[in-house]
Amino acid sequence: MLRSTRSTRIKHAGYIRVLVVIALVNYLASCSPPSTGLNPESLPRSSFTWNEAELEVGLANWDAVFPTREIPTGTNINELPIGQALVAFSRGGALEQELERFITTQKVAGLIVLHDGVIRLERYGLGHSRKGRWTSQSVAKSVTSTLVGAAVRDGFITSIDDAVTTYIPGLRGSAYDYVSIRQLMTMTSGIRWIENYINPTSDIARFYSEPVEPGLNATVSYMRKLPAEATPGTKWVYKTGETHLLGEVVSAATGQTLADYLASKFWIPYGMEQSASWHIDRSDHELAGCCLQASLRDYARIGQLVLDQGRIDGESIVPDGWFDAATRTQVQTGTPGRGYGYQWWTADDMTFQAIGIHGQLIYIDPARRLVVAINSAWPEATNRDRSLARSEFLNTIATTIDENPAVGN
């Protein structure tokens, strides 16, 4: 009898150990990136060539693939309070399956909804977590736009109607002699540029590989060779290279790196939760049109700062009315209901967005005091069907907010 009891206890203990191991494995799987067998440091040095598995690893580990400059955070963190959950998206809620389908089909690494400054919904996927950083792609353009505004507020830039060559002498003698900072902001310089992410001969591809002229940085070296195709201010064409030029304007005007100026203007003062980083080029300059790496909650904080007109401790970091102009349609893009401001995508319903390829987004709805930040790993750089599905989901979030307006801790 004793022998039988001892045997039963041994079997029971073994069973418990198995359960513990299984639970531990499941826990680690939920906290760690998926095991793809890919080493970030071995990825190709052009993200335009990455396949789906490489994107999921590379977008989460950009600093391990490319050179970056760190953006420190301070000691005082601007905590985001947890508000009343959007019950419809919770387990058993009416929209639970729609949320799960969106996360799966959109390859979502992170989704957060702020309503009046509090978190109403926060989810992660692809092994990503609150502590991880994700690359912004062209969401960085809207951050660069804000830094231009800050440089105007600080007196480093006299006016966005100044000639670009006032701040970047290396562009003198090029087609940019006739272009203003405002025209860079609205992408209406009239300079010819082709932004095609799958064409290796397009400007966006060649920009990163062509030799740099002696005495110039990589951005100025490439951009000064481009010809004019229209009178400045008359034609809108999306040009990442020109946002890189805006970064050069800010750095030249302030005498600081873009990362340092960002840190001093709002990353530290606004209380961002984690340090960030910014991709630097062959000349050790930040690529202002791309690739700021940050946590999901800090992307949401960027949106909240803009929603609050750039105010930190009651004082704005940009001139009065800056965001009213920056997030209002300044030029038509050829898509009905959609326009472009100062490096922000605008809509007729007065919402506006910072958008990056492969599904990156900061969406701001001032009327609802709503901010949505999304990190994704779309297999394609751009995809019309995915964009439409995302717009529909944002509308669902807005409707749910209207039906569940209560917020608070």
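These questions and answers concern a predicted model of a protein chain.

Biologist: How many helices and strands are in the protein chain, and what share of its residues is buried?

Modeller: The chain has 13 helices and 14 strands. Buried here means under 20% relative accessible area. Of the 409 residues, the buried share is 52%.

Biologist: Is helix α10 largely enclosed or open?

Modeller: Helix α10 covers residues 258-267. Among its buried residues are Leu258, Tyr261, Phe266 and Trp267. Because 8 of the 10 residues are buried, α10 is largely enclosed by the rest of the structure.

Biologist: Which faces of strand β14 are covered?

Modeller: In a regular strand, side chains alternate between the two faces of the sheet. On one side of β14, Leu370, Val372, Ile374 and Ser376 are buried.

Biologist: Which residue in β14 is the bridge partner of Val113?

Modeller: Strand β2, residues 108-115, pairs with β14 in the antiparallel sense. The two strands share 7 bridges. In β14, the partner of Val113 is Val372.

Biologist: Which residue in the turn between β13 and β14 has a positive phi?

Modeller: Strand β13, residues 360-365, runs antiparallel to β14 and is joined to it by 5 bridges. Asp365 stands opposite Leu370 in β14. The two strands form a hairpin with 4 residues between them. The turn residue with a positive phi, about 55°, is Arg369.

Note on methods
Residues numbered from 1 in each chain as written. Predicted model: local features only at pLDDT ≥ 70, side-chain atom pairs only at ≥ 80, totals over all residues. Heavy atoms only, no water. Buried < 20%, exposed > 50% of the residue type's maximum accessible area, 1.4 Å probe, protein only. Pairing = 2+ DSSP bridges.
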